[in-house]
Amino acid sequence: MERIIVLNADYSILGTTTLKRAIRLLVKEKAVSVKDSAFRIHKDMLAPLVIRLIKAIRNLWRIKVPWSKSNIFVRDNFTCQYCGVKLGKRQCTVDHVIPKSRGGKNKFDNVVCSCFACNNKKGDRLPSEAGMTLKRKPLIPTIMSFLLMKIKAEGLEGILKELDIY
Ligand SMILES: [Zn+2]
């Protein structure tokens with residue numbers, strides 16, 4: 001489905017939304033279009049590619065990235081953190097670095113994206129016990145870095161570059 005980039009009033013990135021929601025924000029004059037597509041949705045309106053909110057959302061830095069499997073995949077760029085292979089969305093599994101059976105939690109700093117083979121190989125062991133190493137230490141992403149990663153994952157960063165936003 002078409003995703004529209006949403007910018008804060010100061011042009012920082014907020015995330016993406018659906019075309020339907022973006023149009024609703026434009027019609028209600030809560031946002032303005034920063035970049036239009038070539039697709040006409042009305043005789044005098046083109047579908048937006050990027051919109052910017054008129055009123056700023058403040059204290060964005062306070063928002064935490066919610067824990068979810070799909071957010072782990074975005075953080076790890078759909079790449080197995082053991083063998084480094086880039087995976088398709090459906091090939092990604094989550095691996096608990098400290099296994100759940102040993103008290104490992106569902107947290108950003110204990111869960112990584114893994115391919116099925118590596119996940120299977122590691123099993124219920126610590127990476128060191130399985131003779132495996134992590135490509136990088138799993139970290140809790142900041143909201144701004146996460147939003148950028150998400151936009152990249154949706155293949156939309158070209159639009160931001162074109163607009164000189166990042
Ligand atoms: Zn792997």
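Reader: Which residue stands opposite Val 111 in β6?

Author: His 96 stands opposite Val 111. Before we go on, two ground rules: residues are numbered from 1 along each chain as its sequence is written. This is a predicted model, where local features need pLDDT of at least 70, side-chain atom pairs count only at pLDDT 80 or more, and totals for chains, interfaces and linings use all residues.

Reader: In what sense do β5 and β6 pair, and over how many bridges?

Author: Strands of a sheet pair through backbone hydrogen bonds, either parallel or antiparallel. Here β5 and β6 pair in the antiparallel sense over four bridges. Strands are DSSP runs of E with at least two residues, helices are runs of H or I with at least four, and both are numbered from the N terminus. Two strands pair if DSSP finds at least two bridges between them.

Reader: Which residues of strand β6 point one way, and which the other way?

Author: In a regular strand the side chains alternate between the two faces of the sheet. In β6 (residues 111-114), Val 111 and Cys 113 point one way, Val 112 and Ser 114 the other way, and all are buried. A residue is buried if 20 or more other C-beta atoms lie within 10 Å of its own, exposed if 12 or fewer, and partly exposed in between, with C-beta atoms placed from the backbone.

Reader: What is the order of the open sheet of four strands?

Author: The order is β2-β1-β4-β3, with mixed pairing. β2 and β3 are the edge strands, each pairing on one side only. Neighbouring strands are turned by 30° against each other on average, direction ignored. Such angles are taken between axes fitted to C-alpha atoms, for helices over the stretch in contact, and run from 0 to 180 degrees between N-to-C directions. Inside the sheet, β1 and β4 pair in the parallel sense over three bridges, and Ile 5 has Val 50 in β4 as its bridge partner.

Reader: Which strands does α4 lie across?

Author: α4 lies across β1 and β2, running at about 40° to β2.

Reader: Which residues touch the most other members of the largest nonpolar core?

Author: A nonpolar core is a set of buried Ala, Val, Leu, Ile, Met, Phe, Trp, Tyr and Cys residues joined through C-beta atoms within 7 Å. The largest one has 16 residues, of which Ile 4, Ile 5, Val 6, Leu 7, Val 50 and Ile 51 touch the most other members. Two or more residues each come from β1 (3-7), β2 (13-18), α1, β4 (45-53) and α4 (143-153). β1 gives the largest share, four residues. Apart from this core lies another, of 11 residues, among them Cys 80, Tyr 82, Cys 92 and Cys 115.

Reader: Where does Glu 29 lie, and why does Glu 29 count as exposed?

Author: Most residues other than glycine have a negative phi, and most peptide bonds are trans. Glu 29 has a positive phi, near 60°, and lies in the loop between α1 (19-27) and β3 (31-42). Glu 29 counts as exposed because 8 C-beta neighbours are inside 10 Å. Phe 78 also has a positive phi, near 50°, in the loop between α2 and β5 (93-96). Phe 78 is partly exposed because 17 other C-beta atoms lie within 10 Å.

Reader: What separates the C-alpha atoms of Ser 70 and Cys 113?

Author: They are separated by 9.3 Å, although 43 residues apart along the chain. Ser 70 lies in helix α2 (residues 69-75).

Definitions and conventions. Two residues are in contact if their C-beta atoms, placed from the backbone, lie within 7 Å.
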